[in-house]
Amino acid sequence: MIEGRLFEAQVGAGVERRAFGEFVGPCGELASYAFGWTTECEHHVARLTVGIGAGNPGGASFHAVVFDNEDSYACSLVDEPFERVPEGGPDLTAAEARAHPDLPFIWWVVDRVMERDRRARWMKHWLLGTTSIQTGEVFDRKEPILYVSHDADDGVWQLIGAGNAVPASGKLSHLHHAVEHDLTLLDVLDLEPGECAYRTGPDAPWTSEPS
């Protein structure tokens with residue numbers, strides 16, 4: 001998995017994000033992908049393209065939407081193309097994609113991308129509307145985030161700065177908003193329930209452990 005560029009553009013009151021990357025399978029299979037979402041939109045639905053076999057007879061680009069599905073995500077093939085990707089070929093309709101012999105490989109790539117690409121984890125937290133509790137100083141961006149925990153009991157994420165966490169001053173906010181202001185959080189968005197991560201400063205590496 002090779003993360004590529006991240007494109008951002010203002011769209012009305014929101015931000016459109018498109019992330020690109022390359023994927024190499026265990027037997028050398030090549031795929032390229034793009035996914036994206038737009039904040040402040042009415043419906044939380046993301047979009048995705050996976051391309052394989054550039055220049056070959058079976059090469060094609062598969063397009064899908066990604067949406068919340070019972071605290072996880074689900075995908076559905078669509079006719080409308082999303083992006084052009086280097087390994088892609090002709091844009092397939094949903095019906096053509098369903099009939100393509102490599103569709104199982106495409107879904108396997110999608111699952112790997114959603115699991116391993118840090119920007120895809122960000123998108124997934126946007127899709128799910130993941131809640132975080134932030135100290136007042138972190139919420140107001142007066143302190144950098146130095147401690148992140150993913151609670152085992154209720155699934156809530158806690159974001160704490162340099163000062164002591166005072167429960168009465170905690171602020172509720174979506175986790176994906178915090179990432180907008182601190183992209184280093186991309187490295188800890190895969191914390192499992194019951195895990196935490198900490199660092200000594202905003203430029204220091206994260207250390208993860210059970211909370």
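**Exercise 1. The end of a helix**

Solution. Step 1: Gly-129 comes after α3, and its phi is positive, near 65°. Helices (H or I, at least four residues) and strands (E, at least two) are DSSP runs, numbered from the N terminus.
Step 1: The model is predicted, so local features need pLDDT of at least 70 and side-chain atom pairs count only at pLDDT 80 or more, whereas totals for chains, interfaces and linings use all residues. Residues are numbered from 1 along each chain as its sequence is written, and side-chain values use heavy atoms, with hydrogens and water left out.
Step 2: α3 covers residues 118-128, and eight of its eleven residues are buried. Buried means under 20% relative accessible area, exposed means over 50%, and partly exposed lies in between (1.4 Å probe, protein chains only).
Step 3: Among the buried residues of α3 are Trp-122, Met-123 and Trp-126, and Arg-119 and Arg-121 are buried as well.

**Exercise 2. The nonpolar core**

Task: How many residues are in the largest nonpolar core, and which helix gives the largest share?

Solution. Step 1: A nonpolar core is a set of buried Ala, Val, Leu, Ile, Met, Phe, Trp, Tyr and Cys residues joined through side-chain atoms within 4.5 Å.
Step 1: The largest one has 45 residues, and Phe-35, Val-50, Phe-62, Val-148 and Leu-185 have the most contacts inside it. Helix α2 (residues 103-116) supplies the largest share, seven residues.
Step 2: Take Phe-62 as an example. Leaving out residues up to four places away in sequence, Phe-62 touches residues that include Leu-48, Val-50, Leu-92 and Ile-106. A contact means heavy atoms within 4.5 Å.

**Exercise 3. The cavity**

Task: How many cavities of 30 Å³ or more does the structure hold, and which residues line the largest?

Solution. Step 1: On a 1 Å grid over the protein atoms alone, a cavity is a set of points where a 1.4 Å probe fits but cannot get out; a pocket is an open set with protein on both sides within 12 Å along at least five of seven lines, and lining residues have an atom within 4 Å of a point. Grid points are joined across faces, edges and corners, and a volume is the space filled by probe spheres set on the points.
Step 1: There is one cavity of 30 Å³ or more. The largest cavity has about 40 Å³ of space.
Step 2: Its lining consists of Leu-48, Val-50, Phe-62, His-63, Ala-64, Leu-77, Ile-106, Trp-107 and Val-110. At least two lining residues come from each of β4 (45-52), β5 (60-68) and α2.
Step 3: Ala, Val, Leu, Ile, Met, Phe, Trp, Tyr, Cys and Pro count as nonpolar, Asp, Glu, Lys and Arg as charged, and the others, Gly among them, as polar.

**Exercise 4. The pockets**

Task: What are the volumes of the largest pocket and the second largest pocket, and which helix gives each its largest share of lining?

Solution. Step 1: The largest pocket has about 380 Å³ of space. It is lined by 17 residues, of which Lys-124, Leu-189, Asp-190, Leu-191 and Glu-192 are closest to its centre.
Step 1: Helix α3 gives this lining its largest share, four residues. By class, the lining has seven nonpolar, four polar and six charged residues.
Step 2: The second largest pocket has about 220 Å³ of space. The largest share of its lining, three residues, is from α5.
Step 3: Arg-141 from Exercise 2 is one of the residues lining the second largest pocket. Five nonpolar, four polar and three charged residues make up this lining.
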